[in-house]
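Hi,

Here is the structure I promised to pass on. Have a look first, and my notes come after it.

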2 protein chains.
Amino acid sequence: MALGLSASPPAVLLLLSLLGLAAAGKLLVVSVDGSPWFSIREGLHMLQQKGHEVVVVAPEVSLHVKPSENFVMKMYPVPFTQEEMDKVFKGSVMDLFKGGPFLERVIRQYQQAKKTSALFLATCTHLIHNKELIRYLEESKFDAILTDPVLPCGAILAEYLSLPSLYFLQQIPCGLEYQATQCPNPPSYVPRVFTDLTDHMTFLQRVKNMLYDIPNFFLCDVVFQPYAELASEFLKREVTVPDLLRQASIWLMKLDFVLHFPKPLMPNMVLISGVNCAYKKLSQEFEAMVNASGEHGIVVFSLGSMVSEIPMKKAMEIAEGLGAVPQTVLWRYTGKAPPNLPKNVKLVKWLPQNDLLAHPKTRAFITHGGSHGVYEGICNAVPMVLMPLFGDQMDNAKRVESRGAGLTLNILEMTSTDISNALKAVINDKKYKENIQRLSDLHLDRPIHPLDLAVHWVEFVMRHKGAPHLRPAAHDLNWVQYHSLDVIAFLAAVTLLFLFISFKCCLCCCCRCCCKKGRTGKATKAKSH
Amino acid sequence: MALGLSASPPAVLLLLSLLGLAAAGKLLVVSVDGSPWFSIREGLHMLQQKGHEVVVVAPEVSLHVKPSENFVMKMYPVPFTQEEMDKVFKGSVMDLFKGGPFLERVIRQYQQAKKTSALFLATCTHLIHNKELIRYLEESKFDAILTDPVLPCGAILAEYLSLPSLYFLQQIPCGLEYQATQCPNPPSYVPRVFTDLTDHMTFLQRVKNMLYDIPNFFLCDVVFQPYAELASEFLKREVTVPDLLRQASIWLMKLDFVLHFPKPLMPNMVLISGVNCAYKKLSQEFEAMVNASGEHGIVVFSLGSMVSEIPMKKAMEIAEGLGAVPQTVLWRYTGKAPPNLPKNVKLVKWLPQNDLLAHPKTRAFITHGGSHGVYEGICNAVPMVLMPLFGDQMDNAKRVESRGAGLTLNILEMTSTDISNALKAVINDKKYKENIQRLSDLHLDRPIHPLDLAVHWVEFVMRHKGAPHLRPAAHDLNWVQYHSLDVIAFLAAVTLLFLFISFKCCLCCCCRCCCKKGRTGKATKAKSH
């Protein structure tokens, strides 16, 4: 063992890997469709470059998970077509823009959520029940599985194949990641999802935050019940989804405290936000568009990969708002162009979002507030106008706004003036640029690039067959034991018993004294008689 | 901004630093004497190499903090001599070996602790009251301060000079690091210091663990009261030691979960155990000793830098035990050589501990269980025989033993047979080597070397004037608010009020019904009459 080897083991492993001497691993990937896939994809490319074999399992019909030369793709049939799936997602988005009374909107969204959930559940069921694919997976002898736990299909497979697993996520709606990692999550300063709160809360806000915890006690069970049934049937024993998620070796979490509010972590949580920050040179087409923008520069506008079209009325309102700024706006939009589209607005079917944000001529970023996009905005220090639609987007928007790095608009209620005012503010008021620049500086100043960090932990789990030394003993305690309620009750009982006995003894002594005094008194009296 | 810059900011910073383009920082270091200094020293060398200016403030009389070419040393006089200090420390160690009834031993140790504390307090007082030195520090315009919070002298200076601070530590006796970082620390699975417990506890062990928390409520106040008074006088306002420690930007913690039991962490805790793992080639003298050991190899034996001498009776017992193994034992010992010293035992005044442990011929490591030495043992995968004496050594020994990587002996009660048996066991029973090798593999498999990590965070704090984005909002809550007791009380009151009103309403309705029925009944009766 030479000096260099001892001082820097990761460098050695990298060297060995480049020389093909380190054991190459075999990784199974079960990704959730949608934007999470974009972040996972980056890591898979690097793993393949380092000599590992990557197999991605995906349904034949999906939004974004497509074959690539960086991995082997194993596809399985699902009982719906691409058109049917696109229709469901498009319907969900269009539904958000429909007005109406509160109750009506809730019922509509619930029905849409049911349709989407049914799609995801069908996808999972068809994976689990695909005997040929399962046999292939059994025979393939993988070293680990990388999956997104928002849908527990990968977790079920990990349990069935007895594989150590890594999870890749920002958050799971009903706070299941805290339960599954045994991570403390005090409601006094850790805002719950969908609450629109920051970490500094008034008394009433803390009451609200705690009330938001109540549905979590049963909502998770309801949401994940079909998966629990699927898993129990497949694994031939009763399991719950939290049981499955508790088995994860490493949680690769897309969060950074420049955006999220500081909170406790567990040893097996690895923070890797910013994995998608590296950028390429713009294509000639986009470079030309940007250069044509002149001194005013450009604004990048995208409502995310899930939103391809919005109602014409809303599109016209937005177009009018965008026309009021001197910047060229590159708007990713696949719907019908609004008739009032101003000259400075260019509609494109697709745009290289991160590469555009990295351009020095970019002045602002209009985004729906998905975590992927928000971190790209932070990476490239571009002030944001946020138009959150659903999921964690409201919370992300709140976080950006609370840092003074952007402004949030209510996409349903905003007028064209609101849009132009917000855009002018984030571009012309220096404080937004200063704040996002500060966040960006902090975000980028890390001891190791998040992509290298993510890849290291994937390799770690493959090399060591998991990371059991990072698993807290809290997993072996029940709720009462974890909170030491049995110990507190025991100590209270002992203390009370001690006090009771002491009191009884004192009482006894006092009685005896009094009796003695009484008898002495009587005796004295008797004598004196 | 080019592709490389965006993809790998730390590499850029390193490059800029090498080119002398990155702003060089100015770091003030206030180290606690003893073994913590050895770990800090390594980092200072690297910081100096990266172009930063490092100033170490130390008393003229100290155990290990000595001038070096890697930093500027500012010394200040203290009211005791080297001999007086050595006598106090030597007395403390010798006292540990004296027998006697329990109470007598406790009183003796308390008196020794008082003497040691008086030395440390005097050192701190003479630093704080040294007007010339303080003026120099004020004028020097440092960017940050690096200090060990076990003694809060550095923390007082940080507050006075308004400097962002980094703490470097393993733990603070009464768990003050949890209070100061707002880190959750559940007694149900996080064993308290000095309890000799692991993370898997029976009910009664959990009771014991919780009882050990009780003294912490007042012990910290008693221990740190003189420092609180010193700080309040110096800063001209009332402060407590926890108030001071709460200001730390980053806690560089010498812990790794291959040794410590997994527990919650906070975002500003950085784990850097293993900073002292890089080793150099052995000198000719030691290389010759090791090579002369033949096929049996060597055993490295050191009771740490604080223990230079032990009572002759104990030394003879140890010598006898060591004589029963075929290995050559290199024993760091500055006391008088025991007359029964066997041929295979070589006494040396000093030994290159880590470099020897890294030698392939090293079979075992006899250590007092200081965290510095234990991590060197883990780095180099050498099974250990632990003879803990005081402080965190008992806990470290328990951790190594619970991992099956060593055996613990009670240094006061052990016989020569116990020593030879333990040594033979860890050398000949393969499971010890296998277990320590597994721990070592996990410990060394990190994405970045801990020394680079520590240096990064020191530079981060210097560059960004602290790390406020990692500070949890919990610091702004009092105990009742943090635990949401006010919210729980409010919700309970509202629920009770609601139940009470509902009950009253029901009662009222029932009464009315009954009355009506009664009246109807009476009316019917009246009618029927």
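First, the ground rules. This is a predicted model, where local features need pLDDT of at least 70 and side-chain atom pairs count only at pLDDT 80 or more, while totals for chains, interfaces and linings use all residues. Residues are numbered from 1 along each chain as its sequence is written, chains are lettered from A and ligands numbered from 1 in the order in which they are written, and side-chain values use heavy atoms, with hydrogens and water left out.

Chain A on its own: there are 21 helices and 13 strands, both taken as DSSP runs numbered from the N terminus (helices are H or I, at least four residues; strands are E, at least two). Its C-alpha atoms fill a box of roughly 125 × 60 × 55 Å along the principal axes. Of its 529 residues, 55% count as buried (under 20% relative accessible area; exposed is over 50%, partly exposed in between, with a 1.4 Å probe and protein chains only). Taking contacts (heavy atoms within 4.5 Å) between residues at least 6 apart in sequence, 64% join residues at least 24 apart.

Now the pairing with chain B. Here 63 residues of chain A are in contact with 64 residues of chain B. The two chains bury about 5,500 Å² between them, 68% of it on carbon and sulfur atoms; buried area is the accessible area (1.4 Å probe) that two parts lose on being put together, summed over both. On the chain A side, Tyr279(A), Asp445(A) and Pro447(A) lose the most area to chain B, together 12% of what that side buries.

The rule finds four salt bridges across this interface (a side-chain nitrogen of Lys or Arg within 4 Å of a carboxyl oxygen of Asp or Glu). Asp486(A) and Arg206(B) form a salt bridge, at 2.5 Å from N to O. Several helices of chain A each supply at least two residues to the side touching chain B, among them H2 (9–18), H18 (430–444) and H21 (485–528). H19(A) gives the most, with six residues.

Inside chain A, the domain assignment (automatic or from a database) gives domain 1 (22–276 + 448–476) and domain 2 (284–444). Phe97(A), Val258(A) and Leu259(A) supply 26% of the area that domain 1 buries against domain 2, more than any other three residues. The count of salt bridges between the domains is zero, but eleven residue pairs are in polar contact, both at pLDDT 80 or more.

Last, two positive phi values outside glycine. Lys141(A) has phi near 50 degrees and sits in the loop between H6 (131–140) and S4 (144–147) of chain A; at 65% relative accessibility, Lys141(A) counts as exposed. Phe194(A) has phi near 70 degrees and is in the loop between H8 (176–181) and H9 of chain A; at 46% relative accessibility, Phe194(A) counts as partly exposed.

Cheers

Notes:
Polar contact = N/O pair within 3.5 Å; in protein donor to acceptor, adjacent residues only side chain to side chain.
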